[in-house]
Amino acid sequence: MANGCTWDSLDAHLLRVLHVLLTEGSVSRAARRLNLSQPAVSTALKRLRDITGDPLLVRSRGGMTPTERGAELLEPIRIVLEQIERIAEGPTGFDPASTRRSFNVATPDYLNAMLLGEVVTDVHKLAPKAQIAFHSMTQNSDYPRALESGELDLVIGNWPNPPDHLRTAPLFEDRMVVMMRTGHPLATGQLSMSDWLGADHVVPTPYSVGQRGVVDVFLARERMRRNVVAHVP
């Protein structure tokens with residue numbers, strides 16, 4: 001490049017000048033369209049030639065004609081300018097009534113039956129063109145990463161200590177109960193903590209690696225341990 005100029009010297013103003021020059025084929029017409037003086041446009045064209053190492057436009061009978069390199073740059077510059085304008089405009093806002101997005105939601109299997117109908121009905125009222133894809137939560141999935149990357153839009157889970165960098169909100173409260181077979185020795189009378197800890201427990205498998213359920217978190221905090229004999233999904 002001449003005069004030590006590099007592509008880093010390009011800015012939105014120079015790109016716009018070049019785009020107008022390439023489309024108008026005239027310094028004077030480009031100056032009027034850009035509301036600049038002809039010397040200012042000519043100076044910008046000289047800088048663009050230094051940066052690209054190409055004349056970009058050459059004189060012809062009808063004014064100025066783009067060089068081969070100049071013609072190649074026309075479409076990329078148009079795209080870049082559109083993107084810059086989009087950035088400058090800022091967010092356009094989300095309109096649920098017109099969106100056609102597919103929302104990816106991960107939930108434990110036991111929640112699907114309870115929530116599926118209500119969620120789909122409520123979303124369809126607000127966003128009739130949208131779709132919802134429910135995904136089962138498994139131990140092999142990295143939910144914080146999936147949320148950060150946009151692979152998932154929402155995770156419904158029961159995490160005692162969710163990651164601090166994710167936005168969370170309570171969805172509903174659930175009541176935990178002890179289930180046992182009919183005729184179990186502990187099925188009658190008041191169930192004490194020592195009896196409960198000493199009984200054989202069947203517990204659900206955690207749906208996220210490294211996570212523990214609220215019961216196990218509580219027991220660990222109280223330095224208690226229950227007698228787990230089986231894990232089930």
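Where does Leu56 lie? Select Leu56 in the viewer: the residue is found in the loop between α3 and β1 (57-60). Helices are DSSP runs of H or I with at least four residues, strands are runs of E with at least two, and both are numbered from the N terminus. The model is predicted, so local features need pLDDT of at least 70 and side-chain atom pairs count only at pLDDT 80 or more, while totals for chains, interfaces and linings use all residues. Residues are numbered from 1 along each chain as its sequence is written, and side-chain values use heavy atoms, with hydrogens and water left out.

**Stop 1: two residues with positive phi**

Remain at Leu56, where phi is near 70°, a positive value in a residue other than glycine. Most residues other than glycine have a negative phi. With a relative accessible area of 0%, Leu56 is buried; buried means under 20% relative accessible area, exposed means over 50%, and partly exposed lies in between (1.4 Å probe, protein chains only).

Next, select Asn35, in the loop between α2 and α3 (38-52). Phi of Asn35 is also positive, near 60°, in a residue other than glycine. Is Asn35 buried or exposed? Its relative accessible area is 71%, and Asn35 is therefore exposed.

**Stop 2: helices α1 and α2**

Display residues 12-24 as helix α1 and residues 27-34 as helix α2; the two pack at an angle of about 130°, with their axes 9 Å apart. Axes are lines fitted to C-alpha atoms, for helices over the stretch in contact, and angles run from 0 to 180 degrees between N-to-C directions. The helices α1 and α2 are therefore oblique to each other. Under 35 degrees counts as roughly parallel, over 145 as roughly antiparallel, 65 to 115 as roughly perpendicular, and the rest as oblique.

To view the contact, select Arg16, Val17, Val20, Leu21, Thr23 and Glu24 in α1, which meet Val27, Arg29, Ala30, Arg33 and Leu34 in α2. Contact means heavy atoms within 4.5 Å. The residues of this contact of α1 with α2 divide into 6 nonpolar, 1 polar and 4 charged. Here Ala, Val, Leu, Ile, Met, Phe, Trp, Tyr, Cys and Pro count as nonpolar, Asp, Glu, Lys and Arg as charged, and the others, Gly among them, as polar.

Within helix α1, centre the view on Val20. Val20 is buried, at a relative accessible area of 0%. Leaving aside neighbours within four places in sequence, Val20 is in contact with Gly25, Ala30, Arg33 and Leu34. A C-alpha to C-alpha distance from Val20 to Ala31 gives 8.8 Å, for two residues 11 apart in sequence.

**Stop 3**

The axes of α1 and α3 come within 10 Å and cross at roughly 100°. That makes α1 roughly perpendicular to α3. From α1, Leu14, Val17, Leu18 and Leu21 meet Val41, Ala44, Leu45, Arg47, Leu48 and Ile51 of α3. This contact of α1 with α3 comprises 9 nonpolar, no polar and 1 charged residues.

Turn to α2 and α3, whose axes come within 9 Å and cross at roughly 110°. These two helices are therefore roughly perpendicular to each other. In α2, Val27, Ser28, Ala30 and Ala31 meet Gln38, Val41 and Ser42 in α3. By class, the contact of α2 with α3 has 4 nonpolar, 3 polar and no charged residues.

**Stop 4**

Move to Asn104 in strand β3 (residues 102-107). At 18% relative accessibility, Asn104 counts as buried. Which side chain makes a polar contact with the side chain of Asn104? The partner is His135, at 2.8 Å. A polar contact is a pair of N or O atoms within 3.5 Å; within protein, one must be able to donate a hydrogen and the other to accept it, and residues adjacent in sequence count only if both atoms are side-chain atoms.

Beyond four places in sequence, the residues in contact with Asn104 include Ala133, Glu151 and Leu154. Select Glu151 next, in the loop between α6 (143-149) and β5 (154-155). Glu151 counts as partly exposed, at 48% relative accessibility. A polar contact of 3.0 Å joins the side chains of Glu151 and Arg145.

**Stop 5: Arg226**

Finish at Arg226, in the loop between α8 (214-221) and β7 (227-232). Arg226 counts as buried, at 15% relative accessibility. The side chains of Arg226 and Asp216 are joined by a polar contact of 3.3 Å.
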